[in-house]
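Please look over the sequence and the model shown here.

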Amino acid sequence: MVKISFKKFLFAFVAFIFVFSMMTSVLATNDIALNTPSGNETQNTTQTAQGTTSLEIVEDTVCHIDVGGIGEFEKKITDYDATEKSVTLTLTMTNTKEVEESYKDVEIFFVIDNSSSMVESYIGDKTRKQAVIDSANSLVDKLFASNPNVKIGVVGFSSLDTTAGETEGTINDATLRLELSNSQDDVKGAITNLSNLDVGPRTNIEAGLTIAQENFSDEENVNRYVVLLTDGVPNNDTNGTFGTYSGVVATRTKAKLEEMENSGTQIVAAMINLDSETIEPTTQRTYRDLAEEIFGTEENSTTSAYFYIPDDELEDTIVNDIFNNLVVTTDNTLRNITITDYFPQEIIDNFNFEYVASPNIGEVSQSIDTTNNSITWNIELLSEGEVATLVYKLTLKDDYDEEIIDQILPTNTHVDITGENNGEQIDSTSDESPTIVVKYEEPTITPPDNTVSPDPIPQTGEGIGLIVAIVAIIVIAVISRMVYLKKIF
(Lines give C-alpha, C1' and ligand atoms only; values in the text may rest on other atoms or scores of the structure.)
Protein backbone atom coordinates (compact mmCIF):
# COMPACT_ATOMS: atom_id res chain seq x y z
CA MET A 1 0.00 0.00 0.00
CA VAL A 2 1.34 3.42 -1.04
CA LYS A 3 1.53 5.87 1.80
CA ILE A 4 1.16 9.53 1.21
CA SER A 5 2.73 11.85 3.68
CA PHE A 6 0.50 14.32 5.44
CA LYS A 7 2.47 17.27 4.14
CA LYS A 8 1.97 16.20 0.53
CA PHE A 9 -1.75 15.74 1.08
CA LEU A 10 -1.99 19.17 2.63
CA PHE A 11 -0.15 20.79 -0.25
CA ALA A 12 -2.36 19.09 -2.90
CA PHE A 13 -5.52 20.10 -1.12
CA VAL A 14 -4.51 23.79 -0.88
CA ALA A 15 -3.51 23.81 -4.55
CA PHE A 16 -6.90 22.39 -5.52
CA ILE A 17 -8.74 25.06 -3.55
CA PHE A 18 -6.68 27.84 -5.18
CA VAL A 19 -7.24 26.60 -8.75
CA PHE A 20 -10.96 26.09 -8.16
CA SER A 21 -11.30 29.63 -6.76
CA MET A 22 -9.54 31.17 -9.78
CA MET A 23 -11.75 29.34 -12.28
CA THR A 24 -14.89 30.45 -10.46
CA SER A 25 -13.74 34.08 -10.54
CA VAL A 26 -13.04 33.92 -14.25
CA LEU A 27 -16.47 32.41 -15.00
CA ALA A 28 -18.16 35.07 -12.92
CA THR A 29 -16.24 37.82 -14.71
CA ASN A 30 -17.16 36.46 -18.16
CA ASP A 31 -20.79 36.08 -17.19
CA ILE A 32 -20.95 39.67 -16.03
CA ALA A 33 -19.38 40.82 -19.31
CA LEU A 34 -21.98 38.95 -21.36
CA ASN A 35 -24.85 40.72 -19.57
CA THR A 36 -23.46 44.25 -19.77
CA PRO A 37 -25.10 46.50 -22.45
CA SER A 38 -22.89 47.29 -25.45
CA GLY A 39 -21.71 50.76 -26.26
CA ASN A 40 -24.47 51.15 -29.00
CA GLU A 41 -27.34 50.46 -26.62
CA THR A 42 -29.05 52.74 -24.13
CA GLN A 43 -31.41 52.07 -21.27
CA ASN A 44 -33.50 55.28 -22.12
CA THR A 45 -34.32 54.81 -25.83
CA THR A 46 -36.92 57.43 -27.11
CA GLN A 47 -38.93 56.58 -30.25
CA THR A 48 -40.15 59.37 -32.55
CA ALA A 49 -43.02 59.06 -35.13
CA GLN A 50 -44.80 61.20 -37.72
CA GLY A 51 -48.47 62.17 -37.39
CA THR A 52 -51.10 60.81 -39.79
CA THR A 53 -52.88 63.06 -42.31
CA SER A 54 -56.17 61.91 -43.80
CA LEU A 55 -58.75 63.30 -46.18
CA GLU A 56 -62.42 62.68 -45.45
CA ILE A 57 -65.71 63.31 -47.21
CA VAL A 58 -67.88 65.44 -44.96
CA GLU A 59 -71.20 64.42 -46.45
CA ASP A 60 -72.56 63.18 -49.74
CA THR A 61 -73.51 66.63 -51.03
CA VAL A 62 -74.30 66.94 -54.72
CA CYS A 63 -74.25 70.13 -56.75
CA HIS A 64 -77.46 69.92 -58.78
CA ILE A 65 -78.74 72.35 -61.44
CA ASP A 66 -81.95 72.18 -63.48
CA VAL A 67 -81.14 73.27 -67.02
CA GLY A 68 -84.11 74.81 -68.77
CA GLY A 69 -86.49 72.06 -67.70
CA ILE A 70 -84.98 69.62 -70.20
CA GLY A 71 -81.52 69.10 -68.75
CA GLU A 72 -79.86 68.22 -65.47
CA PHE A 73 -76.34 68.92 -64.20
CA GLU A 74 -74.69 67.11 -61.29
CA LYS A 75 -71.29 67.38 -59.64
CA LYS A 76 -70.47 64.77 -57.00
CA ILE A 77 -67.62 62.80 -55.41
CA THR A 78 -67.45 59.39 -57.06
CA ASP A 79 -64.19 57.97 -55.67
CA TYR A 80 -61.85 58.36 -52.70
CA ASP A 81 -58.26 57.15 -52.28
CA ALA A 82 -57.02 57.15 -48.68
CA THR A 83 -53.45 56.26 -49.67
CA GLU A 84 -52.85 59.25 -51.93
CA LYS A 85 -55.34 61.49 -50.07
CA SER A 86 -57.39 62.27 -53.17
CA VAL A 87 -61.02 62.59 -54.20
CA THR A 88 -62.42 62.08 -57.69
CA LEU A 89 -65.28 64.30 -58.81
CA THR A 90 -67.57 63.57 -61.74
CA LEU A 91 -69.48 66.28 -63.60
CA THR A 92 -72.52 65.03 -65.52
CA MET A 93 -74.67 66.96 -67.99
CA THR A 94 -77.80 65.06 -69.07
CA ASN A 95 -80.51 65.87 -71.59
CA THR A 96 -83.43 64.39 -69.65
CA LYS A 97 -85.84 64.31 -72.59
CA GLU A 98 -86.49 61.07 -74.42
CA VAL A 99 -86.61 60.99 -78.21
CA GLU A 100 -90.31 60.09 -78.08
CA GLU A 101 -91.02 63.30 -76.20
CA SER A 102 -89.88 65.27 -79.23
CA TYR A 103 -92.67 63.97 -81.44
CA LYS A 104 -95.57 66.33 -81.97
CA ASP A 105 -99.11 65.35 -82.90
CA VAL A 106 -99.02 66.43 -86.53
CA GLU A 107 -101.61 66.27 -89.32
CA ILE A 108 -100.62 67.17 -92.88
CA PHE A 109 -102.66 67.28 -96.08
CA PHE A 110 -100.88 67.19 -99.42
CA VAL A 111 -103.06 69.25 -101.79
CA ILE A 112 -101.67 68.58 -105.27
CA ASP A 113 -102.58 70.17 -108.61
CA ASN A 114 -103.93 67.67 -111.15
CA SER A 115 -104.70 70.11 -113.97
CA SER A 116 -103.62 69.70 -117.59
CA SER A 117 -100.62 72.03 -117.31
CA MET A 118 -99.03 69.60 -114.86
CA VAL A 119 -98.53 66.99 -117.57
CA GLU A 120 -96.25 69.25 -119.58
CA SER A 121 -92.65 68.21 -119.99
CA TYR A 122 -90.44 68.77 -117.00
CA ILE A 123 -86.96 67.46 -117.68
CA GLY A 124 -86.39 64.81 -120.31
CA ASP A 125 -89.30 62.39 -120.59
CA LYS A 126 -90.61 63.12 -117.10
CA THR A 127 -93.65 65.37 -116.75
CA ARG A 128 -93.90 68.10 -114.11
CA LYS A 129 -96.69 66.12 -112.45
CA GLN A 130 -94.48 63.04 -112.14
CA ALA A 131 -91.62 65.13 -110.76
CA VAL A 132 -93.99 66.58 -108.14
CA ILE A 133 -95.26 63.10 -107.24
CA ASP A 134 -91.73 61.73 -106.86
CA SER A 135 -90.61 64.69 -104.74
CA ALA A 136 -93.75 64.54 -102.60
CA ASN A 137 -93.10 60.85 -101.90
CA SER A 138 -89.51 61.65 -100.88
CA LEU A 139 -90.88 64.30 -98.52
CA VAL A 140 -93.27 61.71 -97.05
CA ASP A 141 -90.32 59.39 -96.34
CA LYS A 142 -88.51 62.20 -94.58
CA LEU A 143 -91.55 63.14 -92.50
CA PHE A 144 -92.14 59.60 -91.24
CA ALA A 145 -88.45 59.19 -90.50
CA SER A 146 -88.58 62.35 -88.41
CA ASN A 147 -91.85 61.53 -86.64
CA PRO A 148 -93.36 58.01 -86.94
CA ASN A 149 -96.58 59.32 -85.42
CA VAL A 150 -97.33 61.86 -88.17
CA LYS A 151 -100.65 61.53 -90.02
CA ILE A 152 -100.90 62.51 -93.69
CA GLY A 153 -103.85 62.81 -96.11
CA VAL A 154 -103.95 63.46 -99.86
CA VAL A 155 -106.24 65.74 -101.96
CA GLY A 156 -106.12 66.20 -105.74
CA PHE A 157 -107.68 69.18 -107.53
CA SER A 158 -108.21 70.54 -111.05
CA SER A 159 -111.63 71.05 -112.61
CA LEU A 160 -114.42 68.72 -113.63
CA ASP A 161 -114.76 67.42 -117.16
CA THR A 162 -117.56 69.64 -118.48
CA THR A 163 -117.96 67.40 -121.53
CA ALA A 164 -119.29 64.75 -119.19
CA GLY A 165 -122.05 67.06 -118.02
CA GLU A 166 -120.34 67.96 -114.75
CA THR A 167 -120.77 71.44 -113.31
CA GLU A 168 -117.47 73.25 -113.00
CA GLY A 169 -116.63 75.74 -110.25
CA THR A 170 -117.80 73.73 -107.23
CA ILE A 171 -116.31 71.77 -104.32
CA ASN A 172 -116.39 68.78 -106.67
CA ASP A 173 -113.39 70.18 -108.53
CA ALA A 174 -111.29 68.53 -105.78
CA THR A 175 -111.34 64.97 -104.44
CA LEU A 176 -110.16 63.34 -101.22
CA ARG A 177 -107.67 60.70 -102.33
CA LEU A 178 -106.72 59.56 -98.79
CA GLU A 179 -107.99 60.43 -95.33
CA LEU A 180 -105.42 61.19 -92.64
CA SER A 181 -103.32 58.06 -92.26
CA ASN A 182 -100.36 56.90 -90.23
CA SER A 183 -99.43 54.36 -92.92
CA GLN A 184 -96.42 55.48 -94.89
CA ASP A 185 -97.21 53.00 -97.66
CA ASP A 186 -100.84 54.16 -97.99
CA VAL A 187 -99.80 57.81 -98.19
CA LYS A 188 -97.21 57.19 -100.88
CA GLY A 189 -99.63 54.97 -102.77
CA ALA A 190 -102.30 57.69 -102.82
CA ILE A 191 -99.81 60.28 -104.08
CA THR A 192 -98.51 57.93 -106.76
CA ASN A 193 -102.06 57.15 -107.96
CA LEU A 194 -102.56 60.82 -108.85
CA SER A 195 -100.66 60.03 -112.03
CA ASN A 196 -103.53 57.74 -113.13
CA LEU A 197 -106.30 60.34 -112.76
CA ASP A 198 -107.83 62.23 -115.62
CA VAL A 199 -106.79 65.85 -115.64
CA GLY A 200 -109.05 68.87 -115.88
CA PRO A 201 -108.33 71.99 -117.91
CA ARG A 202 -108.49 74.49 -115.04
CA THR A 203 -107.29 75.04 -111.48
CA ASN A 204 -109.57 75.26 -108.43
CA ILE A 205 -107.24 75.80 -105.46
CA GLU A 206 -110.11 76.88 -103.19
CA ALA A 207 -111.81 73.50 -103.66
CA GLY A 208 -108.63 71.61 -102.77
CA LEU A 209 -108.08 73.72 -99.62
CA THR A 210 -111.71 73.28 -98.54
CA ILE A 211 -111.60 69.48 -98.86
CA ALA A 212 -108.44 69.38 -96.71
CA GLN A 213 -109.92 71.75 -94.14
CA GLU A 214 -113.03 69.58 -93.75
CA ASN A 215 -111.02 66.41 -93.16
CA PHE A 216 -108.68 67.48 -90.38
CA SER A 217 -109.49 65.93 -87.02
CA ASP A 218 -111.15 67.78 -84.15
CA GLU A 219 -108.41 66.84 -81.70
CA GLU A 220 -106.80 69.58 -79.64
CA ASN A 221 -103.10 70.38 -79.40
CA VAL A 222 -102.38 69.18 -82.94
CA ASN A 223 -100.11 70.94 -85.44
CA ARG A 224 -101.96 71.12 -88.77
CA TYR A 225 -100.38 71.82 -92.17
CA VAL A 226 -101.36 71.98 -95.82
CA VAL A 227 -98.65 71.41 -98.41
CA LEU A 228 -99.99 73.05 -101.58
CA LEU A 229 -98.20 72.07 -104.79
CA THR A 230 -99.37 73.75 -108.02
CA ASP A 231 -98.03 75.19 -111.24
CA GLY A 232 -100.83 77.62 -112.03
CA VAL A 233 -102.80 80.62 -110.83
CA PRO A 234 -106.38 79.64 -109.84
CA ASN A 235 -109.12 80.35 -112.36
CA ASN A 236 -111.94 78.48 -110.61
CA ASP A 237 -113.57 78.84 -107.18
CA THR A 238 -116.29 76.89 -105.36
CA ASN A 239 -118.99 79.50 -105.87
CA GLY A 240 -119.69 78.75 -109.52
CA THR A 241 -117.07 81.13 -110.85
CA PHE A 242 -114.60 79.68 -113.37
CA GLY A 243 -112.43 80.63 -116.28
CA THR A 244 -111.15 83.90 -114.78
CA TYR A 245 -107.75 84.72 -113.28
CA SER A 246 -108.72 87.76 -111.23
CA GLY A 247 -111.63 89.37 -109.46
CA VAL A 248 -113.89 86.96 -107.58
CA VAL A 249 -111.65 83.87 -107.97
CA ALA A 250 -108.57 85.64 -106.64
CA THR A 251 -110.51 87.18 -103.76
CA ARG A 252 -112.15 83.92 -102.66
CA THR A 253 -108.91 81.93 -102.95
CA LYS A 254 -107.01 84.46 -100.85
CA ALA A 255 -109.83 84.57 -98.30
CA LYS A 256 -109.69 80.78 -97.92
CA LEU A 257 -105.92 80.92 -97.33
CA GLU A 258 -106.33 83.59 -94.64
CA GLU A 259 -109.25 81.77 -93.00
CA MET A 260 -107.28 78.58 -92.61
CA GLU A 261 -104.19 80.39 -91.37
CA ASN A 262 -106.25 82.26 -88.80
CA SER A 263 -107.84 79.02 -87.57
CA GLY A 264 -104.41 77.52 -86.88
CA THR A 265 -103.71 75.57 -90.07
CA GLN A 266 -100.34 76.53 -91.50
CA ILE A 267 -100.11 76.52 -95.29
CA VAL A 268 -96.83 75.93 -97.08
CA ALA A 269 -97.45 76.77 -100.73
CA ALA A 270 -95.26 76.20 -103.77
CA MET A 271 -95.89 77.77 -107.17
CA ILE A 272 -93.88 75.76 -109.70
CA ASN A 273 -92.27 77.24 -112.85
CA LEU A 274 -94.27 80.46 -112.74
CA ASP A 275 -92.05 83.01 -114.46
CA SER A 276 -92.36 86.77 -114.22
CA GLU A 277 -92.50 87.45 -117.98
CA THR A 278 -95.31 85.37 -119.49
CA ILE A 279 -98.52 87.41 -120.00
CA GLU A 280 -102.00 86.03 -119.24
CA PRO A 281 -104.08 87.04 -122.30
CA THR A 282 -107.36 88.04 -120.64
CA THR A 283 -105.84 90.27 -117.98
CA GLN A 284 -102.61 91.38 -119.71
CA ARG A 285 -100.81 90.78 -116.47
CA THR A 286 -97.98 88.34 -115.87
CA TYR A 287 -98.83 85.10 -114.15
CA ARG A 288 -96.41 86.10 -111.40
CA ASP A 289 -98.40 89.29 -110.76
CA LEU A 290 -101.65 87.35 -110.61
CA ALA A 291 -100.15 84.85 -108.17
CA GLU A 292 -98.74 87.55 -105.92
CA GLU A 293 -102.21 89.13 -105.73
CA ILE A 294 -103.28 85.96 -103.89
CA PHE A 295 -100.17 84.53 -102.23
CA GLY A 296 -98.02 87.61 -101.78
CA THR A 297 -94.26 87.35 -102.12
CA GLU A 298 -91.78 84.96 -100.61
CA GLU A 299 -90.69 87.72 -98.22
CA ASN A 300 -94.23 88.84 -97.34
CA SER A 301 -96.59 85.94 -98.03
CA THR A 302 -100.26 85.39 -97.24
CA THR A 303 -99.42 81.90 -96.02
CA SER A 304 -96.95 80.62 -93.43
CA ALA A 305 -94.42 79.93 -96.19
CA TYR A 306 -94.47 80.46 -99.94
CA PHE A 307 -92.04 79.40 -102.68
CA TYR A 308 -91.71 80.26 -106.37
CA ILE A 309 -89.91 77.19 -107.73
CA PRO A 310 -88.09 76.90 -111.08
CA ASP A 311 -88.36 73.39 -112.54
CA ASP A 312 -84.70 72.64 -111.87
CA GLU A 313 -85.15 73.45 -108.14
CA LEU A 314 -88.38 71.51 -107.68
CA GLU A 315 -87.06 68.44 -105.90
CA ASP A 316 -84.69 70.25 -103.53
CA THR A 317 -87.32 72.81 -102.54
CA ILE A 318 -90.07 70.25 -101.84
CA VAL A 319 -87.89 67.69 -100.07
CA ASN A 320 -85.76 70.09 -98.03
CA ASP A 321 -87.13 73.62 -97.87
CA ILE A 322 -90.75 72.63 -97.38
CA PHE A 323 -89.73 69.99 -94.85
CA ASN A 324 -87.88 72.63 -92.83
CA ASN A 325 -91.12 74.61 -92.60
CA LEU A 326 -93.07 71.68 -91.16
CA VAL A 327 -92.49 71.50 -87.43
CA VAL A 328 -93.09 67.82 -86.83
CA THR A 329 -90.94 67.54 -83.71
CA THR A 330 -90.28 69.56 -80.60
CA ASP A 331 -86.74 70.86 -80.37
CA ASN A 332 -85.51 69.24 -77.17
CA THR A 333 -81.83 69.61 -78.01
CA LEU A 334 -79.52 71.64 -75.81
CA ARG A 335 -77.08 73.78 -77.76
CA ASN A 336 -73.99 75.87 -77.08
CA ILE A 337 -73.75 74.76 -73.45
CA THR A 338 -71.02 76.32 -71.32
CA ILE A 339 -70.38 74.89 -67.84
CA THR A 340 -68.02 76.89 -65.63
CA ASP A 341 -66.80 75.29 -62.39
CA TYR A 342 -65.26 77.80 -59.92
CA PHE A 343 -62.80 76.58 -57.23
CA PRO A 344 -62.20 78.13 -53.76
CA GLN A 345 -58.71 79.52 -53.13
CA GLU A 346 -58.07 76.89 -50.44
CA ILE A 347 -58.51 74.16 -53.06
CA ILE A 348 -56.19 75.93 -55.52
CA ASP A 349 -53.47 76.41 -52.87
CA ASN A 350 -53.56 73.01 -51.17
CA PHE A 351 -54.58 70.49 -53.82
CA ASN A 352 -53.15 69.27 -57.08
CA PHE A 353 -55.68 69.21 -59.95
CA GLU A 354 -55.73 66.72 -62.82
CA TYR A 355 -58.24 65.36 -65.32
CA VAL A 356 -58.93 61.65 -65.01
CA ALA A 357 -60.30 61.49 -68.55
CA SER A 358 -61.32 63.79 -71.37
CA PRO A 359 -65.05 64.55 -71.62
CA ASN A 360 -66.98 62.11 -73.80
CA ILE A 361 -68.85 65.05 -75.36
CA GLY A 362 -67.50 68.56 -75.84
CA GLU A 363 -64.18 70.18 -74.94
CA VAL A 364 -62.75 71.42 -71.64
CA SER A 365 -60.05 73.95 -70.79
CA GLN A 366 -56.62 72.34 -70.42
CA SER A 367 -56.01 73.65 -66.90
CA ILE A 368 -57.47 75.87 -64.22
CA ASP A 369 -57.81 79.50 -65.26
CA THR A 370 -56.01 81.27 -62.41
CA THR A 371 -57.63 84.62 -63.21
CA ASN A 372 -60.92 83.35 -61.81
CA ASN A 373 -60.01 79.87 -60.49
CA SER A 374 -62.22 78.00 -62.90
CA ILE A 375 -62.41 75.37 -65.62
CA THR A 376 -64.77 75.70 -68.59
CA TRP A 377 -66.54 72.83 -70.35
CA ASN A 378 -68.18 73.58 -73.73
CA ILE A 379 -70.78 71.29 -75.34
CA GLU A 380 -72.00 72.31 -78.79
CA LEU A 381 -75.00 69.95 -78.96
CA LEU A 382 -76.64 67.55 -76.49
CA SER A 383 -79.52 65.57 -77.99
CA GLU A 384 -82.39 63.85 -76.23
CA GLY A 385 -81.20 61.17 -73.81
CA GLU A 386 -77.51 62.00 -74.22
CA VAL A 387 -75.24 62.14 -71.15
CA ALA A 388 -71.96 64.08 -71.14
CA THR A 389 -69.39 63.39 -68.40
CA LEU A 390 -66.18 64.99 -67.19
CA VAL A 391 -63.99 63.54 -64.41
CA TYR A 392 -61.17 65.18 -62.46
CA LYS A 393 -59.16 64.52 -59.30
CA LEU A 394 -58.05 66.68 -56.36
CA THR A 395 -55.00 65.38 -54.45
CA LEU A 396 -53.74 66.92 -51.19
CA LYS A 397 -50.29 68.48 -51.55
CA ASP A 398 -47.42 67.35 -49.29
CA ASP A 399 -46.79 70.94 -48.25
CA TYR A 400 -50.38 71.85 -47.55
CA ASP A 401 -51.22 74.73 -45.22
CA GLU A 402 -51.96 73.37 -41.72
CA GLU A 403 -54.54 76.12 -41.30
CA ILE A 404 -56.99 74.05 -43.39
CA ILE A 405 -56.91 71.13 -40.92
CA ASP A 406 -60.43 70.35 -39.62
CA GLN A 407 -61.98 72.97 -41.89
CA ILE A 408 -64.89 71.95 -44.11
CA LEU A 409 -63.68 72.66 -47.64
CA PRO A 410 -66.19 73.04 -50.49
CA THR A 411 -64.84 71.84 -53.84
CA ASN A 412 -66.49 74.71 -55.69
CA THR A 413 -67.72 78.20 -54.84
CA HIS A 414 -70.42 77.90 -57.52
CA VAL A 415 -71.16 76.41 -60.95
CA ASP A 416 -72.60 78.47 -63.83
CA ILE A 417 -74.35 77.02 -66.90
CA THR A 418 -75.46 78.85 -70.03
CA GLY A 419 -76.96 77.43 -73.22
CA GLU A 420 -79.83 77.49 -75.71
CA ASN A 421 -82.98 75.48 -76.30
CA ASN A 422 -85.30 76.13 -79.23
CA GLY A 423 -83.79 79.59 -79.65
CA GLU A 424 -84.29 80.56 -76.01
CA GLN A 425 -81.36 81.41 -73.73
CA ILE A 426 -80.70 79.29 -70.63
CA ASP A 427 -78.84 80.71 -67.64
CA SER A 428 -78.57 78.67 -64.43
CA THR A 429 -76.28 78.63 -61.39
CA SER A 430 -75.79 76.88 -58.04
CA ASP A 431 -73.51 77.28 -55.03
CA GLU A 432 -74.09 73.72 -53.79
CA SER A 433 -70.83 71.82 -53.43
CA PRO A 434 -69.43 68.42 -52.45
CA THR A 435 -67.30 69.03 -49.32
CA ILE A 436 -64.16 67.48 -47.83
CA VAL A 437 -62.06 67.94 -44.67
CA VAL A 438 -58.37 67.39 -43.90
CA LYS A 439 -57.70 65.55 -40.61
CA TYR A 440 -54.41 65.25 -38.68
CA GLU A 441 -53.73 62.65 -35.93
CA GLU A 442 -50.84 63.22 -33.51
CA PRO A 443 -48.21 60.42 -33.34
CA THR A 444 -48.35 57.82 -30.51
CA ILE A 445 -44.95 57.55 -28.68
CA THR A 446 -44.13 54.52 -26.38
CA PRO A 447 -42.00 55.67 -23.31
CA PRO A 448 -38.76 53.72 -22.45
CA ASP A 449 -38.77 51.06 -19.60
CA ASN A 450 -36.60 52.58 -16.79
CA THR A 451 -37.76 50.25 -13.98
CA VAL A 452 -35.06 49.74 -11.20
CA SER A 453 -34.97 46.55 -9.07
CA PRO A 454 -35.05 47.27 -5.26
CA ASP A 455 -32.30 44.70 -4.59
CA PRO A 456 -29.17 44.14 -6.69
CA ILE A 457 -29.22 40.96 -8.66
CA PRO A 458 -26.21 38.87 -7.60
CA GLN A 459 -23.70 38.14 -10.32
CA THR A 460 -22.97 34.60 -11.31
CA GLY A 461 -19.94 33.18 -9.37
CA GLU A 462 -20.17 35.33 -6.20
CA GLY A 463 -21.99 32.62 -4.15
CA ILE A 464 -19.62 29.86 -5.24
CA GLY A 465 -16.52 31.81 -4.15
CA LEU A 466 -17.95 32.36 -0.67
CA ILE A 467 -18.75 28.67 -0.24
CA VAL A 468 -15.24 27.67 -1.38
CA ALA A 469 -13.67 30.05 1.12
CA ILE A 470 -15.72 28.66 4.01
CA VAL A 471 -14.89 25.08 3.03
CA ALA A 472 -11.19 25.95 2.84
CA ILE A 473 -11.21 27.48 6.34
CA ILE A 474 -12.95 24.42 7.78
CA VAL A 475 -10.49 22.04 6.11
CA ILE A 476 -7.49 24.02 7.32
CA ALA A 477 -8.89 24.01 10.83
CA VAL A 478 -9.39 20.24 10.71
CA ILE A 479 -5.89 19.60 9.40
CA SER A 480 -4.34 21.84 12.04
CA ARG A 481 -6.13 19.91 14.71
CA MET A 482 -4.94 16.63 13.32
CA VAL A 483 -1.29 17.84 13.28
CA TYR A 484 -1.56 18.92 16.85
CA LEU A 485 -2.94 15.57 18.03
CA LYS A 486 -0.21 13.67 16.15
CA LYS A 487 2.49 15.55 17.93
CA ILE A 488 1.00 14.70 21.30
CA PHE A 489 0.67 11.04 20.61
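**The pocket and the strands**

The largest pocket holds about 300 Å³ of space. On a 1 Å grid over the protein atoms alone, a pocket is an open set of points where a 1.4 Å probe fits, with protein on both sides within 12 Å along at least five of seven lines. The volume is the space filled by probe spheres set on the points, which are joined across faces, edges and corners. This is a predicted model, in which local features need pLDDT of at least 70 and side-chain atom pairs count only at pLDDT 80 or more, while totals for chains, interfaces and linings use all residues. Residues are numbered from 1 along each chain as its sequence is written, and side-chain values use heavy atoms, with hydrogens and water left out.

Lining the largest pocket are 17 residues (each with an atom within 4 Å of a point), and S117, D231, G232, L274 and Y287 lie nearest its centre. The lining has six nonpolar, six polar and five charged residues; Ala, Val, Leu, Ile, Met, Phe, Trp, Tyr, Cys and Pro count as nonpolar, Asp, Glu, Lys and Arg as charged, and the others, Gly among them, as polar.

Now the strands, which are DSSP runs of E with at least two residues, numbered from the N terminus. Two strands pair if DSSP finds at least two bridges between them. Strand β23 (residues 435-441) runs antiparallel to β1 (residues 52-59), with seven bridges joining them; here L55 stands opposite V438. Three bridges also join β23 to β20 (residues 408-410), again antiparallel, and I408 stands opposite V437.

An open sheet of five strands has the order β2-β3-β4-β19-β16, with antiparallel pairing. Its edge strands, β2 (63-67) and β16 (351-357), each pair on one side only.

Terms used: Helix = DSSP H or I, 4+ residues; strand = E, 2+ residues; numbered from the N terminus.
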